[in-house]
Amino acid sequence: MTLDLDAYFARIGWSGERRPTEDVLRSVHRAHLTGIPFENLDAVLGTAPSLDLADLEAKLVRSERGGYCYEQNTLLAAALRQLGFTVTPLAARVLLGAAPGDIRPRGHILLRVDVPDAPGPYLADVGFGAVGGLVEPIRLEDGAEVADTPRRHRLVRTAHHGPTPQWELRAERGGSWEPQYAFTPEPFEAPDFEMFNWYVATHPRSPFQQAVYAQRTLPDAHLALSGLDLVRRPPTGRSRCGG
């Protein structure tokens, strides 16, 4: 199956030249992030959401639902491939909120995107579901930064015990760089994410089993619902409502 690009672009409110360029990658990424919310309702209701492309199109595009990382980035990957980009799924360990010395399993999907005639690949991710998530892709190179969006990000090489290089995505918060997740460059396949998806959605200790998480990135704010607590973070500060 191929994704209905007309329906997908209408869903995210994007119109532009359908070519595999850096500008198209940036604009589609931003439009997807602001157009489709993050949510884990299927997991809270006790089921693992389908990652089949037809089901993702039905849920996130035609039914105007949201989804979590496996759904969001699988959908984006399909759209980018149809535009002519080369997309390689990767898997990351989430560092945000981890205690010192804590080693979490790889539980997050992200995308390496190769752009024809570009000097190097990009990291794309519309499914992190946190205020520290990428607004636009970042070059996959040590010290790369994205600073011309409402959020600032930096990608750095970090030491680890494995034989392949490890990358760490950091987001600027309050004048310091806060680690978001770490990953290595080896590719992962669809069956890997099917397993991760089932574990994250159904394991009794998974945070996505415990409470509703819904987030929406807007041009001027980030809205995050955690259980009954709604937090609005505008670019210049933070206010809280609900509870």
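A pocket here is an open set of grid points with protein on both sides within 12 Å along at least five of seven lines, and its lining residues have an atom within 4 Å of a point. Keep that handy, and remember that the structure above is a predicted model.

**Exercise 1. Explore the largest pocket: which helices and strands each supply at least two residues of its lining?**

Step 1. Start with the space: the largest pocket holds about 1,100 Å³. Its lining has 39 residues, and Val94, Leu96, Arg104, Pro207 and Phe208 are the closest to its centre.

Step 2. Now go through the elements. The helices that each give at least two lining residues are helix 5, helix 6 (190-202) and helix 7 (207-210). The strands that do so are strand 3, strand 9 (176-183), strand 10, strand 11 (221-226) and strand 12 (229-233).

Step 3. Look for the top supplier: strand 11 has the largest share, with four residues.

Step 4. Sort the lining by class, and you get 19 nonpolar, eleven polar and nine charged residues.

**Exercise 2. Classify Gln180: is it buried or exposed?**

Step 1. Locate it: Gln180 sits in strand 9.

Step 2. Check the accessible area. Buried means under 20%, and Gln180 has a relative accessible area of 0%, so it is buried.

Step 3. See what surrounds it. Leaving out residues up to four places away in sequence, Gln180 touches Val94, Leu95, Leu96, Phe128, Gly132, Leu169, Arg170 and Ala171.

Step 4. Follow the side chain: that of Gln180 reaches the backbone oxygen of Glu178 at 3.0 Å.

**Exercise 3. Take Glu64 and Asp117: in which loops do they lie?**

Step 1. Glu64 is in the loop between helix 4 (53-62) and helix 5 (69-83). Asp117 is in the loop between strand 3 (106-114) and strand 4 (122-124).

Step 2. Read off phi. For Glu64 the angle is near 55 degrees, a positive value in a residue other than glycine. For Asp117, also a residue other than glycine, phi is positive too, near 70 degrees.

Step 3. Apply the cut-off for exposed, which is over 50%. Glu64 has a relative accessible area of 58%, so it is exposed. Asp117 is at 84%, so it counts as exposed.

**Exercise 4. Work on the aromatic rings: how many aromatic pairs does the whole structure have?**

Step 1. A search of the whole structure turns up twelve aromatic pairs.

Step 2. Next come Phe208 and Tyr213. Here the centres lie 5.8 Å apart and the planes stand at 85 degrees, which means the pair is edge-to-face. Tyr213 has a relative accessible area of 23%, so it is partly exposed.

Step 3. Join up the pairs: Phe38, Tyr68, Tyr70, Phe188, Phe193, Phe196, Phe208 and Tyr213 are linked into a cluster.

Methods
Residues numbered from 1 in each chain as written. Predicted model: local features only at pLDDT ≥ 70, side-chain atom pairs only at ≥ 80, totals over all residues. Heavy atoms only, no water. Buried < 20%, exposed > 50% of the residue type's maximum accessible area, 1.4 Å probe, protein only. 1 Å grid on protein atoms, 1.4 Å probe; cavity = no way out; pocket = protein on both sides within 12 Å on 5 of 7 lines; lining within 4 Å. Points joined across faces, edges and corners; volume = space filled by probe spheres on them. Nonpolar A, V, L, I, M, F, W, Y, C, P; charged D, E, K, R; others polar. Polar contact = N/O pair within 3.5 Å; in protein donor to acceptor, adjacent residues only side chain to side chain. Contact = heavy atoms within 4.5 Å. Phe/Tyr/Trp six-rings, centres within 6.5 Å; stacked < 30°, edge-to-face > 60°.
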